[in-house]
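Student: Before we look, I would like to go through the labels attached to this model one at a time and have each set against its definition.

Tutor: Gladly; ask about any label, and we will compare the value with the cut-off before concluding anything.

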Amino acid sequence: MRLTHFGHSAVLVETTGGARALFDPGAYSSGFEDLTGLDAILVTHAHADHLDPKRLPALRETNPGAVLVTNSEGAEAAAPLGDRDRVVSDDGAFEVAGVRIQPTGRVHATIHPALPPAANTGFILDDVLWHPGDAFDADPRPVDVLLLPIGGPWMKVSEAIDFARAVQPRVVVPIHQAGLADVHRQLHYGLLRNLVPAELVILEEGVPRDL
């Protein structure tokens, strides 16, 4: 498959079968606005850094064939929905454009107990690539490529390391790092290299890469 990282949590996945799926077009990401030919837009949750309500309508207008896949809170933030859009309510797998999509997890990791809980849905594509969104609550399962959050107010890097070690992917691609200064990114990359037995692939934003 081919991956293009547009910053933070937004990643374009182009499968070997020719499908194009975009994860989390949020406010901290850029460059996805010009994409065309999308088959799916997958939104893990409703937070603005994963779903930008200002830019999503234009993206959907230029990609009329794209199916929006998200949970109920994401659907509310992305409204109005189309007839073909899919609101995920359980972990049942389904297909979009020939791609098998397996939802994972249910709840966003806790930022602070005083804040209300939020829904979060990760997605595994074709049993090969996993985007967990903002949580490590799903049961680990083996995949080839893990898109791994490495920074945010809801997590510690040790949790990311433990999750990656449990999943045992061939490749780890760091995401969700917009809030980290470069020195902290490099520190986290070093920890991943030393503590996770997988190939670490750091994607240059906006540049496609085959994995």
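Student: What volume does the second largest cavity have, and what makes a space a cavity?

Tutor: The second largest cavity has a volume of about 30 Å³, where a volume is the space filled by probe spheres set on grid points that are joined across faces, edges and corners. On a 1 Å grid over the protein atoms alone, a cavity is a set of points where a 1.4 Å probe fits but cannot get out, whereas a pocket is an open set with protein on both sides within 12 Å along at least five of seven lines, and lining residues have an atom within 4 Å of a point. Val 172, Leu 192, Val 196, Ala 198, Glu 199 and Leu 200 form the lining here, which divides into 5 nonpolar, no polar and 1 charged residues. In that division, Ala, Val, Leu, Ile, Met, Phe, Trp, Tyr, Cys and Pro count as nonpolar, Asp, Glu, Lys and Arg as charged, and the others, Gly among them, as polar.

Student: On what kind of model do these values rest?

Tutor: The model is predicted, so local features need pLDDT of at least 70 and side-chain atom pairs count only at pLDDT 80 or more, while totals for chains, interfaces and linings use all residues. Residues are numbered from 1 along each chain as its sequence is written, and side-chain values use heavy atoms, with hydrogens and water left out.

Student: Which strands supply at least two residues each of the lining of the largest cavity?

Tutor: Strand 3 (20-23), strand 4 (40-42) and strand 8 each do so, strands being DSSP runs of E with at least two residues, numbered from the N terminus. The largest cavity holds about 50 Å³ of space, and its lining has 9 nonpolar, no polar and 2 charged residues.

Student: Why is Gln 102 called buried?

Tutor: Buried means under 20% relative accessible area, exposed over 50%, and partly exposed in between (1.4 Å probe, protein chains only); because Gln 102 has 13% relative accessibility, it counts as buried. Gln 102 lies in strand 8 (residues 99-104), and its side chain reaches the backbone oxygen of Asp 91 at 2.4 Å.

Student: How do you know that Arg 2 and Asp 210 form a salt bridge?

Tutor: A salt bridge requires a side-chain nitrogen of Lys or Arg within 4 Å of a carboxyl oxygen of Asp or Glu, and the side chains of Arg 2 and Asp 210 meet at 2.8 Å, N to O. This pair links distant parts of the chain, with Arg 2 in strand 1 (residues 2-5) and Asp 210 in strand 14 (residues 209-210), 208 residues apart. Arg 2 is partly exposed because its relative accessible area is 36%, and Asp 210 is partly exposed because its relative accessibility is 49%.

Student: What makes Asp 52 buried, and with which residue does Asp 52 form a salt bridge?

Tutor: Asp 52 has a relative accessible area of 9%, and is therefore buried. Its salt bridge is with Arg 55, the closest N and O atoms being 2.7 Å apart. Salt bridges that share partners join Glu 33, Asp 52 and Arg 55 into one network.

Key
Helix = DSSP H or I, 4+ residues; strand = E, 2+ residues; numbered from the N terminus. Polar contact = N/O pair within 3.5 Å; in protein donor to acceptor, adjacent residues only side chain to side chain.
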